Amino acid sequence: MTRTTTSTAAPPPAPAAAPDPGGRRTRRSATRPRTWRDHPLRRVTPWLFLLVPLALLVTFTYVPVGNMIYYSFTDWDGVSPDRDHVGADNYVQLFTRPELFRVFAVSLYYLAASVAQIAIALWFATVLSFDLRFRNLFKGILFFPYLINGVAIGFVFLYFFQDGGTLDSILSFLGLGGDHAWLGDPESANTSLAGVSVWRFTGLNFVLFLGAIQSVPGELYEAAQLDGATRWQQFRHIIAPSIRPVLSLSVILAISGSLSVFEIPYIMTGGATGTSTFVIQTVKLAFQFNKTGLASACAVVLLLIILLITWIQRRLVPDEKVDLV
Amino acid sequence: MGRKTLSAALLATTMLTVVGCSGGGTPNANETAVAPLNPNGVSGTITVLTNRTDLVQNGTMKKYAAQFNKTYPEVKVEFEAMTDYEGEVKIRMNTENYGDVLLIPASVAKGDYPKFFAPLGATPTMKETYRFTDKTDVDGRTYGIATFGTANGFVYNKALWKRAGITDWPTSPREFLDDLEAIKEKTGATPYYTNFKDGWPLSSPWTNSIGSVSCDSQASDKLSAVEKPWQKGSDLNVIDTLLHDIVHEKLSEKDPSTTNWEASKTLLAKGEIGSMLLGSWAITQLRDAAEKAGENPDDIGFMPFPHQSDGQFCATLVSDYQMAVNIHSDHKPAARAWIDWFTEKSGYSAQEGAVSALKSEAMPSTLEDYVDNDVKLVERSEAKTAEVNAIDNASEIGLSKQDYRQKLVDVARGAQDGSLQDYLDDLDRRWAEAARTAGS
């Protein structure tokens with residue numbers, strides 16, 4: 001809506017953000033062309049409505065981000081009332097210390113996990129979109145983990161992976177041994193943590209996919225069934241194209257999510273044993289070593305990396321309008 | 001709307017950012033917070049920030065306040081307890097609203113004390129009455145009084161050690177390791193518990209032991225000038241090598257990544273854990289745990305770091321949090337009155353089994369073993385803590401943080417690549433590098 005008004009702003013000068021699209025406006029401006037200018041209040045009205053949300057948005061999103069960018073050019077320690085501008089020093093330091101970027105390797109575990117996560121969610125969403133017994137129960141079970149607070153999940157799984165904890169007990173009950181320090185070495189710890197993250201976020205992907213699948217009109221399936229399409233063919237030609245936008249959204253979320261993993265590893269291991277991620281490292285720089293300036297620079301760089309990846313991804317897989325009918 | 005709105009939003013953002021950054025003038029800095037001569041003359045409500053959530057919840061703090069009100073009837077004391085004390089107070093200190101009396105957070109640089117806290121007196125006079133004044137001494141003025149001090153050492157289960165046939169304190173790290181080995185073989189208990197997951201038991205107790213090895217009260221200060229703090233024979237080398245060897249010889253818990261501090265207290269009381277390096281403040285907590293578990297609280301013993309200088313054990317005596325008065329406080333006399341009363345009259349440090357900040361007070365009963373066995377208590381100087389912290393932060397090693405020792409434990413148990421010597425060399429290299437840059 002907003003875009004159309006800017007592009008056609010020339011002939012009637014007034015309607016900067018007119019709430020009504022084309023038709024009615026032309027009629028009014030034809031009969032009483034001057035009213036818009038005579039009533040400045042009418043121009044302001046939409047902005048008055050926007051005032052509160054915009055104020056909230058600016059106060060809680062743009063000002064903090066602006067502050068963060070500002071801090072990234074200072075040597076502030078996070079407490080001291082004094083801070084000096086150091087120019088791009090923090091950024092130079094960041095890019096001349098390769099060890100600060102090494103932690104991105106840990107993100108690969110989470111990236112691999114999110115591939116599995118999307119596959120699992122897609123499979124369940126497809127299966128549960130068909131008429132099935134206990135369908136709603138299964139939906140609930142799958143979505144439930146996403147509703148639990150991340151800190152609680154961290155603690156639950158801490159006991160789960162404990163030496164002689166739930167997982168070990170189950171494994172030994174099944175006769176599969178069960179004497180493994182799951183969080184003990186980097187590889188197994190990162191895999192375990194990525195597993196927890198799959199457990200937690202599958203529900204979200206599942207709901208997104210299910211929503212997209214259910215928005216496909218039922219006649220399509222009926223028609224397909226009448227034509228003798230199998231379930232796989234229905235998936236391939238009806239479901240898959242219709243959920244493409246949601247799928248690409250999930251991929252973006254998965255990538256940015258794996259780059260900025262924080263809660264679960266921070267609570268469960270505190271970043272010890274090679275499980276530190278970029279965000280954990282940033283938090284430690286800011287709150288342990290009092291390098292708020294450098295940490296802000298890290299945060300800015302992470303933001304840019306995610307924006308860049310999203311942009312590339314959108315270029316590679318453009319968001320085409322899907323039209324099934 | 002596109003461009004115009006966007007630029008307007010950006011402009012608004014920038015302006016708000018600038019406004020957000022300025023603000024907060026310099027307060028009237030130099031007046032000393034002095035306790036009033038006439039207790040009836042002070043009034044007002046003071047807020048005391050504390051990390052002791054347990055004491056606020058169980059009403060102990062309220063009882064102290066009631067006692068305090070017998071002397072100062074007009075002063076109302078309110079407590080704010082925070083679980084994440086460091087994190088929360090650090091953020092609140094960006095405003096003027098951080099209580100009237102607070103514990104000085106470790107993250108505040110010493111040079112900034114005059115900007116945040118009211119001076120409590122001239123250091124030379126404060127020194128006569130109080131211990132640990134050099135920790136908060138800036139330019140001849142003292143900004144804090146310690147809540148209490150703790151001596152460092154290993155908490156151990158006497159009964160368990162006796163069962164393993166050990167009656168004397170080990171006098172060298174090697175002997176200590178042999179004793180742990182004996183405990184493991186003869187009793188099957190976990191000889192040492194690192195508390196790896198909770199982290200802090202790897203940081204402060206070990207780092208506080210700097211000085212226990214060399215028996216030098218300047219040991220911590222010397223770090224500001226030394227090129228290689230981890231070179232052979234140095235305090236840090238001996239300390240970290242001992243930790244490495246304990247873990248490397250499998251004398252610690254099997255899965256360090258899921259340890260639990262609260263549970264470890266009971267385990268030690270029951271004799272399932274042999275020892276833990278902690279401060280003397282922990283003794284009362286462990287005795288409580290023993291009582292709750294139905295064990296004998298007298299079995300909880302405390303031994304110094306296994307190292308002798310000239311045939312004598314040494315143990316560092318270090319200050320816990322220090323209480324200070326907010327420079328923006330409207331009730332400085334009342335705030336100071338509370339600090340003085342809390343230090344002198346409340347009996348808090350005795351209750352905690354810790355060393356009082358007052359020089360005139362005797363050692364607490366928890367340290368009887370030390371007094372009886374002639375352990376030399378080294379009151380560690382903190383005069384150069386600011387410089388040491390600056391280097392420490394610049395190097396991102398974190399002497400008082402858990403991360404570098406967690407990595408040491410990982411190296412020791414083979415979860416991460418590397419050897420002890422390589423790791424210590426790397427720490428030395430990073431320290432030296434940071435010392436060069438932080439000095440300038």
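In helix H12 (residues 261-269) of chain B, the buried residues are B:Ser264, B:Lys265, B:Leu268 and B:Ala269. A residue is called buried if 20 or more other C-beta atoms lie within 10 Å of its own, exposed if 12 or fewer do, and partly exposed in between, with C-beta atoms placed from the backbone. Helices (H or I, at least four residues) and strands (E, at least two) are DSSP runs numbered from the N terminus. Just after H12(B), B:Gly271 has a positive phi of about 85 degrees.

The model is predicted: local features need pLDDT of at least 70 and side-chain atom pairs count only at pLDDT 80 or more, whereas totals for chains, interfaces and linings use all residues. Residues are numbered from 1 along each chain as its sequence is written, and chains are lettered from A and ligands numbered from 1 in the order in which they are written.

Helix H8 (residues 173-187) of chain B contains 15 residues and reaches 21 Å from its first C-alpha to its last, close to the expected 21 Å; the expected span is 1.5 Å times one less than the number of residues. B:Phe176, B:Leu177, B:Asp179, B:Leu180 and B:Ile183 are buried in H8(B). Seen down the axis, the buried residues of H8(B) fall within an arc of 160 degrees, so they line one face of the helix. The face turned away from this buried side carries the exposed residues B:Arg174 and B:Glu185. Among the elements that cover the buried residues of H8(B) are helix H7 (158-163), strand S10 (190-192), helix H11 (235-248) and strand S11 (273-279) of chain B. H8(B) is followed by B:Gly188, with a positive phi near 75 degrees.

Strand S14 (residues 312-319) of chain B is largely enclosed by the rest of the structure, because seven of its eight residues are buried. Strands are taken to pair if DSSP finds at least two bridges between them. Strand S9 (residues 149-157) of chain B runs antiparallel to S14(B) and is joined to it by three bridges; B:Ala151 has B:Leu317 of S14(B) as its bridge partner. Strand S13 (residues 308-309) of chain B is also antiparallel to S14(B), with two bridges, and B:Gln308 is bridged to B:Phe313 of S14(B). The hairpin of S13(B) and S14(B) has two residues between the strands, and B:Asp310 takes a positive phi near 50 degrees there. With strand S16 (residues 376-379) of chain B, S14(B) pairs in the parallel sense over four bridges. The partner of B:Thr316 in S16(B) is B:Val378.

Positive phi values also occur in loops of chain B. B:Phe132, a residue other than glycine, has a positive phi near 60 degrees and lies in the loop between helix H6 (123-129) and strand S6 (137-138) of chain B. B:Phe132 is buried, with 27 other C-beta atoms within 10 Å. B:Cys215, likewise not a glycine, has a positive phi of about 60 degrees. The loop that holds B:Cys215 lies between helix H9 (200-208) and helix H10 (219-222) of chain B. B:Cys215 counts as partly exposed, with 19 C-beta neighbours inside 10 Å.

The domain assignment divides chain B into domain 1 (34-148 + 320-362) and domain 2 (150-318 + 384-439); the bounds come from an automatic or database domain assignment. Taken over C-alpha atoms, the centres of domain 1 and domain 2 of chain B are separated by 30 Å. Eleven residues from domain 1 of chain B and ten residues from domain 2 of chain B take part in the contact. On the side of domain 1 of chain B that touches domain 2 of chain B, five residues are nonpolar, two polar and four charged. Ala, Val, Leu, Ile, Met, Phe, Trp, Tyr, Cys and Pro count as nonpolar, Asp, Glu, Lys and Arg as charged, and the others, Gly among them, as polar.

The secondary structure of chain A comprises 17 helices and zero strands. Of the 325 residues in chain A, 29% are buried.

Definitions and conventions
Arc of directions from axis to C-beta. Contact = placed C-beta atoms within 7 Å.
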